[in-house]
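Have a look at the model first, then try each task before reading on.

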Amino acid sequence: YKRQLKYIREDLGIAETDLGFFQMLIRLGALPAFLIIPFVDRSGRRRLFLLSMIGLSLGTLATAFSQTAFHFVACQMVTRTFVLTASAIAVVIVAEELPASARGWGIGMLAAVSAIGHGLGAAMFSAIEVLPYGWRSLYALGVIPLLLLPMFRRHIKETARFQRHLDDSGGGGVEDHHTRWYSPLYAFANTHPRRALGMTILAATASLGHVVVLSFTGYFVLEYHGWEAYQLSMMVIVAGAVGVGGNVVAGRLADRVGRRRVGFTFLAVFPVGAWLFYNGPGWSLPVLWAVLVFTMMGGNVIIRALSSELFPTSHRGTSTGVLVLMETLGAALGLFILGMLQQQEGDLS
């Protein structure tokens, strides 16, 4: 919805001064994912992943029929819950199916493939002013994952590592703990308190900076630089394609040099690029956009790799759920602060 924000605001009558709070509420839609993801350590990866695909597809489709800002936010909160659940489980699946020497590269490739979807969305966005029903047509495409569900069911299998863990534990009380969703969270925090604390702080602070900067890039170039929709699409596709390389580069470097050093470099460069993007000349925007996407995606790859590798199989899904929670809270806090600072139209610049 970030690229369509200008059109959604105009259609649903949302004031610019409310955009920060508007996006904050949508970000909070990830909170239920924190309660859902721990079940992946009880029920398995495959089942919850498929259910999440159904949820995100229906939520996106329902968004196309929103009549008010409240309806839009509600649909997007539901959608975000399942999008983040599916994304988190996908990272766990990749981490468990690949050896440690290729795990960073694998997570980076997963993020890069995901970015291709964003590129396709950007390409379709270029026609937003001629599509029937405008931005609503883009959300109607959310039905596609639901149509592909039979294929997903055939080809997505349970991870071998989780199956071995299940066999070694003899079923391990999997069914007995379904109603005790807090059990994995308690075991996670109690077994690895220092690792858990470090990961939560890193995830929250990184998300705070990333979301505040990237949530308004599309709106900024359309509203403040007077760009057309096709120009924004070109920037996202061309410059973004360069930036997407951050996934693969960060993953490969992390496998060779180490997670901590690579992660620090990517996370440190991002705020410099952000300041230049919002304060530099118009001609520099595509270059700086590529820098932002490159460093943001690279940093996120390292954070996800750490959340998967620092914890054993029995706690890996839970650690990813905690990561989602802290990223959500960090993002919501950043957007709340932005909303408080923005007092009138034009303050965004």
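**Exercise 1.** In which helix is leucine 110 found? Describe its surroundings too.

*Solution.* Start with the ground rules: this is a predicted model, in which local features need pLDDT of at least 70, side-chain atom pairs count only at pLDDT 80 or more, and totals for chains, interfaces and linings use all residues. Residues are numbered from 1 along each chain as its sequence is written, and side-chain values use heavy atoms, with hydrogens and water left out.

Step 1: leucine 110 belongs to helix 7 (residues 100-125). Helices here are DSSP runs of H or I with at least four residues, strands are runs of E with at least two, and both are numbered from the N terminus.

Step 2: the relative accessible area of leucine 110 is 28%, so this residue is partly exposed. The scale is: buried under 20% relative accessible area, exposed over 50%, partly exposed in between (1.4 Å probe, protein chains only).

Step 3: set aside neighbours within four places in sequence, and leucine 110 is in contact (heavy atoms within 4.5 Å) with Ala90, Val91 and Val94. Then look along the chain: valine 301 is 191 residues away in sequence, yet the C-alpha atoms of valine 301 and leucine 110 are 9.3 Å apart.

**Exercise 2.** Which residues of helix 1 and of helix 2 are buried?

*Solution.* Step 1: in helix 1 (residues 5-12), six of the eight residues are buried, so the rest of the structure largely encloses this helix. They are Leu5, Lys6, Tyr7, Ile8, Arg9 and Leu12.

Step 1: Look for Leu19, Gly20, Phe22, Gln23, Met24, Ile26 and Arg27.

**Exercise 3.** At what angle do helix 16 and helix 17 pack, and at what angle do helix 5 and helix 6 cross?

*Solution.* Step 1: helix 16 (residues 259-279) and helix 17 (residues 285-309) pack at about 150°, their axes 8 Å apart. Axes are lines fitted to C-alpha atoms, for helices over the stretch in contact, and angles run from 0 to 180 degrees between N-to-C directions.

Step 1: helix 16 and helix 17 are therefore roughly antiparallel (angles under 35 degrees count as roughly parallel, over 145 as roughly antiparallel, 65 to 115 as roughly perpendicular and the rest as oblique). By class, their contact has 18 nonpolar, five polar and two charged residues. Ala, Val, Leu, Ile, Met, Phe, Trp, Tyr, Cys and Pro count as nonpolar, Asp, Glu, Lys and Arg as charged, and the others, Gly among them, as polar.

Step 2: for helix 5 (residues 45-63) and helix 6 (residues 69-97), the axes come within 8 Å and cross at roughly 150°. Helix 5 and helix 6 are therefore roughly antiparallel to each other. Their contact divides into 15 nonpolar, eight polar and two charged residues.

**Exercise 4.** Is tyrosine 133 buried or exposed?

*Solution.* Step 1: tyrosine 133 sits in the loop between helix 7 and helix 8 (135-140).

Step 1: its relative accessibility is 71%, so tyrosine 133 counts as exposed.

Step 2: check the backbone, where tyrosine 133 has a positive phi of about 70° although it is not a glycine. Most residues other than glycine have a negative phi.
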